[in-house]
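Thanks for coming. I will walk through one structure today, with a few stops along the chain.

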Amino acid sequence: MRANNLLSSISFIYLCFLFPAFLFGQSDRNGDRRITGTYYISNTTLIPSPGKILTGQQLLFENGIIKALGKNIDIPAEAQEIKGDSLLVYPGFIDVANKTGMVEPTIPEKPDDFDPSEPLPEIAGIHPHFSAVDHYQEKNPHDQEWRKLGFTIAQKLPKGKGMLPGNSALVIYGHESRNNILSDNQSLYFKFSTVGGVYPNTDLGVMAKWRDLLQNARLYETHGKMYSEQSSLRRRENNPVLDALIPVINREIPVLIESSSELDIRRALKMQEENNFDLIITGINEGDALLPILKEKKTSAVLTLDLPDDKFSDPTEGEKGPDFEKRMERTKNAYLKSLSLAGEYEKAGIPFGFTTKHLSRTDFIKNIRLMIANGLSEEGALAALTVNPAEILKISAIAGTLSEGKMANMVLMSDTLFSEEAKVVMVISDGYLFDYSEKAEKIKDGASVWEYEAETEGRKSKGKWKFTKEDNNWSGTVSYDDPQTEGVKTSPIKNAVITEKSLAFTFSVEVGENTLEVKVSGEVTGEKFSGNMGIKGYGNYQVKAKKLEKPEIK
């Protein structure tokens, strides 16, 4: 409850790193630049797939489809040029098991004669017939921010409590005027999760319920086939829950099981062994001992990019005590093991994708660089963002590499992808151009105060951000409602980067014995901004704010 109160009292804005210089005459910031729908990138370096580099190339695309690429291709007269000199062009990134832009479905109220041992499926968190498409907000700002980092396609998971929230969907981060749904009913989403106070209310109960559901789905399907052949049989009652499971038992769609531990992975493999369905395990953050069995079963694996924090390099005085050195050594080993997990998967020859679920955007490239520093190759990292998720999601025919006939989804970089100097210059998604090349201007020394309003978990809260700049360094405070009392607390601002077009900063909040790290990011337009806040383990939340005309800094 205290954590939820905290969520309703914090907010902030997102920083975009923009590359200078226009790529062509008329600048396009919103993907609207589709006068003819035909473009070509000239004299550029293409990385069409991991490990393959082609220099001095041209790439032609029309109406969202790649038509040709090579050194000497025919360029139509109406094609508009995108100057590719000094740029590198990569396939657009693909995110697996993402929830940005999703809202929770409405669940029926408990009836007066409610029996917790036999709840309605929806009340028990068992609604596989719910579709992510029905609860996805296409114009949400979070997806636009992920596109700025190079993501062009994402698998969206439905929100909801319980073991079966619904079916996932595939979306493209294209222009808001388009229908950006690539497919629905892409996979069935399963969690080792329960709804309090109703059956099933334990992990073992969840697994038992899963077995019952699949067995009943088989009987349900058999009954339907028999009725169609012999109408004298009693007609079966319509059951949307069992209907939604028939594609699973027929292996038409996979089950995507969310993992938070090695035990979850073992349970998922046991479930697959018992019921013979196609399996994707997502959110993997441990379990290198299971690599041989995962490889043997050819299980689709999705590793989390949300790495643990470094808690041993600079421990606080309060953490020191008996067995301090041993505890720090265990913490360090666990941390380094998580950083090396992707490299171990690559060495074992297990293709894997990445999920950004729970990840702050500011940690995206940083965490991949940490994985590379701990054993993952750059080719393996690029594969986990492109060809591997395309294969896992069964969209290799249209995405994952740059080749003729595939969607025009690509990322134009100023330098090699994982270098310190690399910046996203442009993202092309569904053939629409999103230009991020404009250089943001720094703000002069001084002070500013912003009043913000955040909406989290259906609640609204207000507070102030106070910024002061001296000698090119920003400092300040954030005020927010104390989650444990009726008062207001403040926290110092850290890592602030402020321009005329963006804000980004972090701060810490103490809740009892816990410390929550909050990351603020968003865009500034005149005296207003809109953005989001990210709280590790709790998600991202939208926020709006207004700059005060005459702030008083104390």
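**Charges over rings**

The charged end of Arg147 is placed over the ring of Phe434, at 3.6 Å from the ring's centre. Keep in mind that this is a predicted model. A second case of this kind involves Arg267, whose charged end sits over the ring of Phe192, 5.8 Å from its centre.

**Aromatic pairs**

Next, the rings among themselves. A pair of aromatic rings is described by the distance of the centres and the angle of the planes. How many aromatic pairs does the count come to? The count comes to 18. One of them is Tyr39 with Phe61, a stacked pair with 5.6 Å from centre to centre and 25 degrees between the planes. Tyr39 belongs to strand S1, residues 38-49, and Phe61 to strand S2, residues 52-62, with 22 residues separating the two. Tyr39 and Phe61 are both buried.

Another pair is Phe151 with Phe364, and this one is tilted: the centres are 5.1 Å apart and the planes make 55 degrees. Phe151 lies in strand S7 and Phe364 in helix H8, residues 364-373, so the pair ties together parts that are 213 residues apart in sequence. Phe151 and Phe364 are both buried as well.

There is also an aromatic cluster, formed by Trp450, Tyr452, Trp465, Phe467, Trp474, Phe505, Phe507 and Phe529.

**An open sheet**

Phe151 brings us to the sheet that holds S7. In what order do its four strands stand? The order is S6-S7-S9-S10, in an open sheet with mixed pairing. Strand S6, residues 93-98, and strand S10, residues 181-183, are at the edges with a single partner strand each, so one side of each has no neighbour in the sheet. On average, neighbouring strands here are turned by 25 degrees against each other, direction ignored. S6 and S7, the latter covering residues 151-156, run parallel and are joined by four bridges. Opposite Phe151 in S7 stands Phe93.

**Two helices**

Now to the helices. Two packed helices are described by the angle between their axes and the distance between the axes. Helix H3, residues 203-229, packs with helix H5, residues 262-275, at an angle of about 25 degrees, and the axes are 11 Å apart. Angles under 35 degrees count as roughly parallel, and H3 and H5 are therefore roughly parallel to each other. The crossing of H3 past H5 is right-handed.

**Strand S16 and its partners**

Are the faces of strand S16, residues 410-413, covered or uncovered? Both are covered: Met410 and Leu412 on one side, Val411 and Met413 on the other, are all buried. S16 pairs with strand S5, residues 88-91, in the antiparallel sense over four bridges, and Leu88 stands opposite Met413. S16 also pairs with strand S17, residues 424-429, again antiparallel and over four bridges. There, Met410 has Ile428 as its bridge partner.

**Strand S24 and its partners**

The last stop is strand S24, residues 502-511. Nine of its 10 residues are buried, so S24 is largely enclosed by the rest of the structure. Strand S23, residues 494-498, runs antiparallel to S24 and is joined to it by three bridges, with Lys494 opposite Thr506. S23 and S24 make a hairpin with three residues between them. S24 also pairs in the antiparallel sense with strand S25, residues 514-525, over 10 bridges. In S25, Val518 is the bridge partner of Phe507, and Phe507 is one of the residues in the aromatic cluster. The hairpin of S24 and S25 has two residues between the strands, and in it Gly512 takes a positive phi near 65 degrees.

Note on methods
Residues are numbered from 1 along each chain as its sequence is written. This is a predicted model: local features need pLDDT of at least 70, side-chain atom pairs count only at pLDDT 80 or more; totals for chains, interfaces and linings use all residues. Side-chain values use heavy atoms; hydrogens and water are left out. Two strands pair if DSSP finds at least two bridges between them. Axes are lines fitted to C-alpha atoms, for helices over the stretch in contact, and angles run from 0 to 180 degrees between N-to-C directions. Rings of Phe, Tyr and Trp (its six-membered ring) pair if their centres lie within 6.5 Å; planes under 30 degrees apart count as stacked, over 60 as edge-to-face and the rest as tilted. Buried means under 20% relative accessible area, exposed over 50%, partly exposed in between (1.4 Å probe, protein chains only). A charge sits over a ring if NZ of Lys or CZ of Arg is within 6 Å of the ring centre and within 35 degrees of the ring normal. Angles under 35 degrees count as roughly parallel, over 145 as roughly antiparallel, 65 to 115 as roughly perpendicular and the rest as oblique. A crossing is left-handed if the near helix is turned anticlockwise from the far one by less than a right angle, and right-handed if clockwise.
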